[in-house]
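Here are my notes on the model you sent over.

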Amino acid sequence: MKHRHPRGRSITGILLLDKPTGMTSNAALQAAKRLFRARKAGHTGSLDPLATGLLPICFGEATKLSGFLLEADKRYRAVIQLGVRTNTGDSEGEVIRRGDVAGLDRARIEEAAAAFRGELQQVPPMHSAIKQKGVPLYKLAHQGIEVERQPRTVSIHRLDVLDFSGDRVEIDVECSKGTYIRVLADELGEMLGCGAHICALRRTGVGAFDSRRMVTLEELEALAAGGGEEALDACLVSMESALGQWPDVRLPKDVAYFLVRGQPVFVPHAPAQGLVRIYTREDRFLGVGRILDDGRVAPKRLVNQ
């Protein structure tokens, strides 16, 4: 009897995909997975179909680190349409109110934007993937059902008004995980008294990653046709680059032996606290560790290379 082998290539790395508008994050993931013929892949936080930009896709062992990217801060560029409020907070929703923008100027926009900087409470929108009793909210919304949602604490680290012209505002936002830019735009419109919604949204950063090494599906298709798998693989960044903001520790082989078997180990001159990247002295990446109160390093998420 023949044994069935997993389909696809066993590759490891992270693709910084520039997701196109009109495509779901899962559809973009599946398209990239097919192009790379990857056995295992996962994305690191959905973008709305309306949104474009940075969608890190983890292949192989890198999927073990996707949770850290989910927890990471995000950065966005957004264009807000003033004077029109929709039921989804973006241009794909139904118009529920129109307002006058004639009296607005940049100073008023800046003043209102300042109120959203820092920590705040945000109620997730009904048109979101958050689940209630196992059912995504957007499915309930499509049935005309609205349920109570608990507010969540989010942090707006930076909110800059880049441009204001007529009835449109362009903003640059750096925020914590779980922040809905659609809700931010809607609440800004309510504060200004005219209503507002997102008409364009682009993610420009996820944790240590920015937009400089993004590639589009069209570029990947051209590489696959011209250079094959080798050309595609050259687009990947190392999985440990997702953790670039963390300190690292280097272990001799005899110490690494115990750590990869689940045992905390002592490391001279280790950081005082927090998460660290763990390597052997030969630069082999082992995974993520946490500094314990007694100074030892305990394995948190290990990978195979």
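This is a predicted model: local features need pLDDT of at least 70, side-chain atom pairs count only at pLDDT 80 or more; totals for chains, interfaces and linings use all residues.

**Notes on the sheet, a helix pair and the voids**

1. Let's start at one end of a sheet. β15 pairs with strand β18 (residues 296–302) in the antiparallel sense, over two bridges.

2. Glycine 287 is the residue standing opposite leucine 302 in β18. The β17 and β18 hairpin has four residues between its strands, and glycine 295 there takes a positive phi near 95 degrees.

3. β14 lines up with strand β16 (residues 275–280) in the parallel sense, and four bridges hold the pairing. Aspartate 248 sits opposite arginine 277 in β16. As background, strands of a sheet pair through backbone hydrogen bonds, in either the parallel or the antiparallel sense.

4. Putting the sheet together: what is the order of the five strands in the open sheet? Reading across, the order is β14-β16-β17-β18-β15, and the pairing is mixed. β14 (248–251) and β15 (265–266) are the edge strands, each pairing on one side only.

5. On to the helices. Helix α3 (residues 106–114) packs against helix α5 (residues 181–192) at an angle of about 125 degrees, and their axes are 10 Å apart.

6. The structure holds one cavity of 30 Å³ or more, and the largest cavity contains about 30 Å³ of space. Its lining is made up of Ala113, Phe116, Leu159, Ile171, Leu184 and Leu188. By residue type, the lining of the largest cavity comes out as six nonpolar, no polar and no charged.

7. Last, the open space. The second largest pocket has a volume of about 410 Å³. There are 20 residues lining the second largest pocket, and the closest to its centre are Asn87, Pro125, Met126, Glu146 and Arg149. Which elements each supply at least two residues of that lining? β5 (84–86) and α5 do, and α5 gives the most, with four residues. The lining of the second largest pocket divides into eight nonpolar, six polar and six charged residues.

Note on methods
Residues are numbered from 1 along each chain as its sequence is written. Side-chain values use heavy atoms; hydrogens and water are left out. On a 1 Å grid over the protein atoms alone, a cavity is a set of points where a 1.4 Å probe fits but cannot get out, and a pocket is an open set with protein on both sides within 12 Å along at least five of seven lines; lining residues have an atom within 4 Å of a point. Grid points are joined across faces, edges and corners, and a volume is the space filled by probe spheres set on the points. Ala, Val, Leu, Ile, Met, Phe, Trp, Tyr, Cys and Pro count as nonpolar, Asp, Glu, Lys and Arg as charged, and the others, Gly among them, as polar. Two strands pair if DSSP finds at least two bridges between them. Axes are lines fitted to C-alpha atoms, for helices over the stretch in contact, and angles run from 0 to 180 degrees between N-to-C directions.
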